[in-house]
Amino acid sequence: MIKLAQEYFLQSTKLYPLKRAVNFQTENITYEELNLFTNQLSNFLLKNNVKRNDRIAFYVEKSINSIKSILGILKADCCYVPLDPKSPPVRLRQIIEDCLPSIIIADNSTIKNIPLLLQDLNISDYHPPIIILNKKEIKETNETDYHFQEEIEQESSLLPIPKNGSKDLAYIFYTSGSTGKPKGVMITHGNIISFTNWAVSRFNITENDKLSNHAPMHFDLSTFDIYCTFKSGATLFIVPYELNLFPEKIVQFIEKNELTIWLSVPSILVYMARMNVLSPQRMPTLKMIFSTGEVFPTPFLVQWMQLYPHKKFINMFGPTETTVECTYYIIDEIPQDLSKNIPMGKACDHLEVFALNDTNQKTTVGEVGELYVRGPAVSPGYWNNPEKTAQTFVLNPLFPHLNDYVYKTGDLVELKEDGNYLFRGRKDNQIKFMGYRIELGEIEAAIYSLKYIKEAGVIFIPADEKSEIVAYLSIKEEKTIEQIKKDIGTIVPKYMVPRTIIIEKELPRTSTGKVDKVTLKSKFLEHK
Amino acid sequence: MKSEKIERMTTEITKKDKEEIKVQIIEILQQLKQIQKLEQETDLISSGFLDSFDVISLVDSIEKTFQVTIDGADVILDNFDNIDAIVALIERLKS
């Protein structure tokens, strides 16, 4: 019986040692090669003062190094924390301060930013050893606590004996926080196992499959990609980030590697459809297309389905807090009504979902309520944040005597007669943009931290093809929009920087004195 | 008119067209990125100046402004990484 997430990988290594496990551009690695190196990496970690359940961050360009980091960290009974190289150092420092990783793994391209990540931290006496997953180059600094690949390769390649169990953490993924500080979602080995077992069996993923990894490693779609691959003994193909701009290149990538399974946010699928790179004879090996993270606009879904009547299309939904997905919907027929969104679907078999209205009663058909999720894939909570955890992981309102905790999603859903749920919006200011989960409050907090800002109102304008984040500002001193965007970009990741900034003398207010975002929204749409 | 003169005039007109197209593209990019002056004419994508969202918006604007249709197969680095390449693409599509 599997207890730990890396055991999927270990089992497949026994069955298919010489099989290619992961590909990235021209680099390939077999199960056995990956196994030996990650055993060495875990032994090195254990020798460097790493204790059970320590957090270990990896700050590498998306590549095979990401997978090496993940497996090495798990094998050392530790929990991995991905740091996105595209995130501004300010944000990464918040994460480091919050989870205190005992080691940081870097690579040749990120090593120059390490001093930036470690400066001005709110932690005394913090000097984590840095591991660089590349060979030492002469120009490298002589920092005594930098350890290169050569050192790792000296270690024993025997697997350390694990002490961890299903309740121990496998990873912490940081998501947008409404007050400006990112929140660390804790996911256990048990969480991953219950999700992966469901996904592989529900969709019949086998060793003959070739899966894409399109999502960044700090985004839990990668959890589907990685663990479904390892459980089945399949091969994972990491999609280079640059391909996102060129829809033709993505199709070629899928064809060249003969991918059978694609999972991504809908925006890339919309892009490919819109740019006319799809035709019936292309991507013949692709069997299943999973869309998740955001609503897949029906007109573009229909385009895909009409071109590929024999491919399977699945819509999935789920917050990071419930381990990748909590509902799914197999799109059996081409939707007739282009103005209706496809449903979120029903609960994944390993979970239970229900919607409650304002009086904490289960909603009836047609009623809109807040979605709750219950089951073994629900996270134990937010790292180092008991307050936020208590607010969202609550005693089950339906069966409080069971002492069972459920996740209050903040998503508004409507139950349909056929038992499927439809997404109806959020209770708060959280949005999905380009597949990213963003708290508009985090963007506002970043803007307000700039000294020259008087007022700010950040709104989201959703649209099938080109949604955008817009900020209305009033400022104290002359600044170009270009400069303001640059300044915001030093605090939050690029995708959170408002596409359009409009400067006004003063912003409209509601009767309670808050910035009137409803007015701002209609103002913007009128202006368009 | 003598054929050489015609050729010279045609080349001059083409050059003028090229310049006009270039000016319009620079304006589109400045509006798109909300900047007053475009600082770079090369490495637009490889430097990270334009991301996928920008590319979609740019394609949209070009199609509307120049009354052309851009095929997905044309959305490649070679055609969009610098201003001159974009101009060449538009000229090709218009002919």
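Biologist: In this predicted model, are helix α7 and helix α8 of chain A roughly parallel or roughly perpendicular?

Modeller: Take α7(A), residues 189-202, and α8(A), residues 221-232. Their axes lie 9 Å apart and the angle is about 70°. Angles of 65 to 115 degrees count as roughly perpendicular. So α7(A) and α8(A) are roughly perpendicular.

Biologist: Which residues of α7(A) meet α8(A)?

Modeller: Start from the α8(A) side. It brings T223(A), F224(A), Y227(A), C228(A), K231(A) and S232(A). The contact as a whole divides into six nonpolar, three polar and one charged residue. From α7(A) come I192(A), T196(A), A199(A) and V200(A).

Biologist: What is the handedness of the crossing of α10(A) and α11(A)?

Modeller: Helix α10(A) covers residues 266-274, and helix α11(A) covers residues 298-307. Their axes come within 9 Å and cross at roughly 65°. The crossing is left-handed.

Biologist: How many residues of that α10(A) and α11(A) contact are nonpolar?

Modeller: α10(A) gives L269(A), V270(A), A273(A) and R274(A). α11(A) gives F300(A), Q303(A) and W304(A). One residue of this contact is charged and one is polar. The nonpolar ones number five.

Biologist: Now the chains. Which helix of chain B gives the largest share of the side that touches chain A?

Modeller: The contact uses 17 residues from chain A and 16 from chain B. On the chain B side, nine are nonpolar, five polar and two charged. The largest share, five residues, comes from residues 52-66 of chain B, helix α2.

Technical notes:
Residues are numbered from 1 along each chain as its sequence is written. Chains are lettered from A and ligands numbered from 1 in the order in which they are written. This is a predicted model: local features need pLDDT of at least 70, side-chain atom pairs count only at pLDDT 80 or more; totals for chains, interfaces and linings use all residues. Two residues are in contact if their C-beta atoms, placed from the backbone, lie within 7 Å. Helices (H or I, at least four residues) and strands (E, at least two) are DSSP runs, numbered from the N terminus. Ala, Val, Leu, Ile, Met, Phe, Trp, Tyr, Cys and Pro count as nonpolar, Asp, Glu, Lys and Arg as charged, and the others, Gly among them, as polar. Axes are lines fitted to C-alpha atoms, for helices over the stretch in contact, and angles run from 0 to 180 degrees between N-to-C directions. A crossing is left-handed if the near helix is turned anticlockwise from the far one by less than a right angle, and right-handed if clockwise. Angles under 35 degrees count as roughly parallel, over 145 as roughly antiparallel, 65 to 115 as roughly perpendicular and the rest as oblique.
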